[in-house]
Amino acid sequence: MNTTTVNNRREIPKTAQEINAVLTIAMREIITTIKVPTRIVTAIIWPIMFLWLMGGNLMQNMGTQVGYNFNQFMLTGMLINGMFMMIVVGITTLVEDRENDFTQEMFVAPVSRYSIIIGKIVGTSFTGFIEFLATIIVGLCMGISIEASQLLKLLAISPLICIAAGSLGVMIIGFIHNSSTAGLIVMTGSMLQMFLSGALIPINNTAGAISVFSHILPLTYCLDFARGIFYAGTSDYSKIVMYSPPVNFEIILTFTAVFFILGTISFVRSEKNR
Amino acid sequence: MPAILTVENLIKQYDKAKEPSVNGISFTVNEGEFFAFLGPNGAGKTTTISILTTTLSKTSGTVRIAGYDLEKEAKDVRKHIGIIFQKPSLDLNLSAEENIRLHACMYGMYVYRPFFNWMPKDYKDRVVELSEIMGIQEKLWKPLKTFSGGMQRKMEIVRSLIHSPKILFLDEPSQGLDAISRRALWDYINQTRKENGTTVFLTTHYIDEAENVDNVCMIKHGKIILSGTPEEMKNTLTQKYLILDADNRDTLERELNALGLNPQKDVHFKVSYEDATPMNILTKLHTPLTMMKVYEPSLEDAYISLAE
């Protein structure tokens, strides 16, 4: 086995060292989130604003006309959308780290650049799960029913959603090197995704240019994949799900791999050439 | 002593820049050496140190650190170096200890554990020992944002040394520190050098900090213009002299001229000399002196004469 020595202190296998680095960076992210709870507060406010207020209004005015349980549709949409967005926002804090010169400390450590990015994704997923939990609570308070088995299905696919969201975040920071620009892009992107990817409003009948927009948004496929799993075997499946889960899975894997590799290379290059 | 750092024909040209910031520099630093890399603002010091610490890519040239090629074995290089950056690179939301733990675990010294008490005894002892030496043991558990600039700098030193690097890069380490903090910092760095034989690579604007280094390299406009020991620098760039005066100034002047010393006559007499001490001159003088001062130029004088 490949091993590495740190000044004869001890030997740690190289793979274990990379896993340790991922864990360390993830824990730094979690500790920071707990100590500076702005993101936790956002994760709690977000479902109250968008699921309870906006979703509640949609439900009262048009929910009865869609031909399926609109409440559940919205809940699944907001669960995935919220988690996705919290992770994208979390990853873009690497731009802040860069501006505060903290990335220097990470980039001189003897670990792979991919481990640093993966650690960041794992760490920000913590906020994503807080958002997930907050959305469930808001949904239950609104009287939206969800079975435990369906919830477990969503939880089972959540790591894939976290990685996909993380890769989009990495892609953004790979090319945007200013935290205020990154913040603006993420905010605009969040709004676009919320309304055009099918989180709150169905997009099955969307056509023309709007449909093109919908189909270039990564979240569209994550939501459709999650709903494909959630509604599998139910009568609502054909009314809600656009593509089969294997198709969505392939699309998600492709954009995740492309975004992750391109974004990491670009971020590291910009870090080394600044 | 074998070389721990070898730089050969290093060039760095930034995108869109007309001239290289670092233009074909070469030098060697030996194991255990205290090496100063000096130059005026914009000379290429920070660019060089950024390349050597793997945070900036080079345009061309070869660099070997601790036996590893900087380009091909960057991860191995990183394992053996410690860095104190010009701008602090701490996570101010974490406590001092959490920053140290993050660093130690990133360097693969320990498996990460979420609490200090869960970390191995070896780690706990080392953190306590280092923090006591640096006088930050009281603040080890407090968020770094509550630390003063000097304390944050101390904290960075503790962190950079926790993995016992073979070579420590200090990029203007005392910038923004008060005199007491500067003294404490250098006491600790010197102690570390003495105890562990750590090689130190220093860039600084405080030239007096480089007075006791083993070798100095001066860079200007991206090129090395002079290198050697501080003594050699001073001898090459400056002149030692005596300031003398007497009640009987005419006699003293005659005597100095007779010795071929060609004194400069101003308020007092200024006499240059080449020997290690001015004793050879003083023993030959018979005129009773009313004033005698020996002027030994500093490295700063040498630096200024070169920078100008």
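Predicted model: local features only at pLDDT ≥ 70, side-chain atom pairs only at ≥ 80, totals over all residues.
How far apart do the end C-alpha atoms of residues 114-142 of chain A lie? Residues are numbered from 1 along each chain as its sequence is written, chains are lettered from A, and side-chain values use heavy atoms, without hydrogens and water.

**View 1. Crossing of H1(A) and H3(B).** Helix H1 (residues 14-35) of chain A and helix H3 (residues 96-106) of chain B have axes that come within 9 Å and cross at roughly 160°. H1(A) is therefore roughly antiparallel to H3(B) (angles over 145 degrees). Helices are DSSP runs of H or I with at least four residues, and strands are runs of E with at least two. The crossing is left-handed (the near helix is turned anticlockwise from the far one by less than a right angle).

**View 2. Residues in contact between H1(A) and H3(B).** On H3(B), B:Glu98, B:Leu102, B:Cys105 and B:Met106 meet residues of H1(A) including A:Gln17, A:Thr24, A:Arg28 and A:Lys35 (heavy atoms within 4.5 Å). By class, six nonpolar, three polar and three charged residues form this contact.

**View 3. Two spans that UniProt lists as "transmembrane region" in chain A.** The unreviewed entry includes residues 114-142 and 154-176. Residues 114-142 are 97% helix and 0% strand, with end C-alpha atoms 41 Å apart. For residues 154-176 the end C-alpha atoms lie 32 Å apart, and the span is 96% helix and 0% strand.

Notes
Axes fitted to C-alpha atoms, helices over the stretch in contact; angles between N-to-C directions. Parallel < 35°, antiparallel > 145°, perpendicular 65-115°, else oblique. Nonpolar A, V, L, I, M, F, W, Y, C, P; charged D, E, K, R; others polar. UniProt positions renumbered as here; feature names shortened; annotations may be inferred.
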